[in-house]
Amino acid sequence: MKRRTKKIGERGKPPLPVLLGTRNIGFSRMRGQLAPYAFLSPTLILVTLFFFIPLVMVFILSFTKLDMTNFGILEWWKPVNWSLDNYVKIFTNRFLSRILGNTIMYVAVTLALFNVGMALVIALITTHIKRRTGFAFRTLWFLPRITPVVVYTMMWRALAGPAPMGVINKYFLVPLGIGGGEYLLHTHPWVFVFLVNGFIGASFGMILFASAIESIPKDYTIASRVDGASTWQTIRYVELPMIKWPLLFVTTYQTLSLLTSFEQIMLLTDGGPGLYQTEVWSLTAYHRALTSYFGNTQWGYGAAWAVVLVIIGIVMAVIYLRVFKFRELVEEPKIDQL
Amino acid sequence: MKIALEALNKHFGKVKAVDNLDLEIGDGEFVALLGPSGCGKTTTLLMLAGIYKPTSGHICFDDRVVNHLLPKERNIGMVFQSYALYPHMTTFDNIAYPLKLKRVRRREIKERVQKSADMMGIGDLLDRKPAQLSGGQQQRVALARALVKEPAILLFDEPLSNLDAKLRLRMRGEIKRLQEDLGVTAVYVTHDQVEAMTMASRIALMNYGVLQTYGTPNQLYDHPDTFFVAGFIGAPPMNFLEMTFEERENGFYLKTQALEIRISAERGALAKQNDIPQRVIMGIRPESVSIVAERDGDFKAEVHLIEPLGREDLVTFRFIDEEIRVLVPAPFDGRIGETICLKLDKEKAHLFNPETEVSVLRTGNGRSS
């Protein structure tokens with residue numbers, strides 16, 4: 001990064017020193033070196049204000065006992081008031097294994113079945129049928145993503161309602177003789193957590209995979225078919241390896257966004273219906289830090305939950321880069337010599 | 001394997017990419033599909049490969065209609081302009097791919113891949129990825145991949161267009177030699193008439209989806225059927241002059257403002273028999289015009305441009321408002337602006353009807369003389 005800005009700075013030198021006269025060279029050089037920072041400054045200021053400072057603050061807060069009751073009294077910025085108590089509290093929490101298990105299940109199942117799995121299936125199907133039909137289908141599938149999240153989640157709650165109000169019960173389950181028409185969010189909360197997140201999540205990968213598949217030059221698929229491959233073999237041996245990069249990106253990106261996403265779960269079950277039944281890590285952080293739990297709002301404790309989540313996310317990202325051999329993906333081709 | 005195309009059509013919406021094509025290719029023959037871009041030659045090739053289904057008509061391999069056969073059931077090998085080597089596979093895996101799909105045993109795959117790689121002179125590059133190979137090497141890998149399954153038909157889609165001039169010349173010879181050694185039927189799509197002339201035993205020249213002519217390179221060069229063929233084949237291209245045809249008591253004449261030539265009674269009669277109109281297009285190749293002393297010349301022209309080609313010089317002459325390009329032995333000692341006498345080899349002149357664009361010197365069997 002540093003080297004690059006320097007390079008731009010050098011290139012930014014005006015190419016007409018003769019016209020400017022010798023006296024001005026010093027000034028123009030300085031201006032040339034400052035110009036890139038001037039252009040960068042709006043972004044730098046925004047990133048510093050709304051990303052970097054909050055990040056540092058959350059990190060510091062996670063070592064303090066700051067909450068609503070001692071706000072304004074506790075000098076949280078002083079190292080004297082810092083301790084590892086919050087972290088000890090997290091790792092001795094008797095619901096820790098349940099929350100961790102919920103998080104892993106939520107991320108793994110939603111990612112595998114929907115955000116990557118179904119996204120890939122839809123992308124493959126819609127790129128191997130008539131172009132226009134495929135495009136229309138993908139557009140439809142994209143609708144949940146551009147629907148306001150509250151409306152979308154409330155719609156699912158209504159769908160899951162007990163008979164005779166709930167659509168799923170009334171028109172599918174009861175006529176088929178499945179279940180007694182109970183509120184489905186109470187009987188199968190996880191199914192709905194997966195579905196609600198998955199239907200939105202799959203659209204992201206679908207768009208990326210479909211455009212990646214469509215941008216594979218036709219010669220490769222023709223060559224593969226002439227070489228004797230069936231459609232499935234062409235997908236397996238030629239198309240999938242060629243979209244490795246979007247696969248890595250979607251898997252990594254969606255893992256991280258699933259780890260930190262909780263709004264649909266909050267609106268759908270709010271961690272229930274049983275004690276911590278669908279509570280995931282990020283929802284716990286939110287509950288501890290920003291809802292009035294046990295009469296106070298434990299900012300410091302919630303921040304500690306968030307920090308652990310960030311560390312989990314970083315570890316996951318590094319593992320993905322290793323598994324997908326990121327270095328090989330960005331390897332530059334050797335210069336063509338005849 | 002013999003190939004026969006019968007009344008073959010391929011339409012994309014309203015566009016007739018291939019229009020009523022009839023073509024026969026003999027066993028072991030090397031045929032070039034030649035034409036400008038968008039003429040339907042690649043569409044024809046992809047129909048042979050089984051990628052496109054014909055709108056109507058038949059494709060026969062050895063008298064068997066194969067319209068409905070999938071690419072993998074046709075036993076063909078194909079080489080692309082882009083090489084289309086799978087970038088995530090090594091050279092070995094690329095060449096082995098057709099065999100792997102056929103579920104050939106691993107040991108046999110290894111032997112056959114090594115054999116065809118050695119034949120192409122890339123036996124020591126088997127563990128490289130395509131990105132680590134030069135264009136020429138990639139081309140050889142693509143050839144090895146096409147040959148490894150011992151296909152009955154080899155299809156080439158402009159395979160040399162991405163190579164530099166020197167390498168192209170070499171690969172041209174290598175492909176031709178390889179095809180002859182293996183005795184495999186080959187169909188070669190190209191827009192480069194030199195490539196088609198040098199490699200193919202017969203050339204099918206196409207334009208706007210329609211087959212213009214089908215014959216040996218020499219037939220196409222010496223006796224073009226149509227105005228399009230005459231203009232497309234040959235580099236530098238044929239000269240065309242608009243002339244008036246006249247029959248007089250003492251023979252047949254072609255006239256313009258600047259020159260008047262007499263053509264032989266035999267050719268004149270043939271032209272008359274083919275309903276030669278009064279206005280005709282005369283075509284003459286640059287090598288059929290020569291510089292002569294003043295008394296032997298047909299007409300005088302001014303030197304306009306001299307392009308040395310090494311062995312010969314290509315000289316552009318101007319007379320009145322016409323231009324004619326002439327190949328003269330190098331070095332040409334004339335100067336720009338100088339007026340020089342030229343003579344046409346009348347027996348090598350071609351005459352075309354400007355309306356139908358068909359040669360009026362064609363004989364009964366359809367071939368112009």
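This is a predicted model: local features need pLDDT of at least 70, side-chain atom pairs count only at pLDDT 80 or more; totals for chains, interfaces and linings use all residues.
Two strands pair if DSSP finds at least two bridges between them.

**Entry 1: the hairpin.** I noted that S12(B), residues 251–255, pairs with S13(B) in the antiparallel sense over 4 bridges. The two strands form a hairpin, with 4 residues between them. For Lys255(B), I found Glu260(B) as the bridge partner in S13(B).

**Entry 2: the faces of S13(B).** I then followed the side chains along residues 260–263 and found that they alternate.

**Entry 3: salt bridges.** I recorded 19 salt bridges over all chains. In one of them, the closest N and O atoms of Arg267(B) and Glu347(B) are 3.9 Å apart. This pair links distant parts of the chain, 80 residues apart: Arg267(B) lies in helix H9, and Glu347(B) in the loop between strands S19 and S20. Arg267(B) counts as buried because its relative accessible area is 9%, under the 20% limit. Glu347(B), at 45%, is partly exposed.

I next looked up Asp298(B) and Lys346(B), whose side chains meet in a salt bridge at 3.5 Å, N to O. They are 48 residues apart, Asp298(B) in the loop between S15 and S16, Lys346(B) in the loop between S19 and S20. Both residues are buried.

**Entry 4: chain A.** Here I noted a network of salt bridges that links Arg131(A), Arg138(A) and Glu214(A).

Definitions and conventions
Residues are numbered from 1 along each chain as its sequence is written. Chains are lettered from A and ligands numbered from 1 in the order in which they are written. Side-chain values use heavy atoms; hydrogens and water are left out. Buried means under 20% relative accessible area, exposed over 50%, partly exposed in between (1.4 Å probe, protein chains only). A salt bridge is a side-chain nitrogen of Lys or Arg within 4 Å of a carboxyl oxygen of Asp or Glu.
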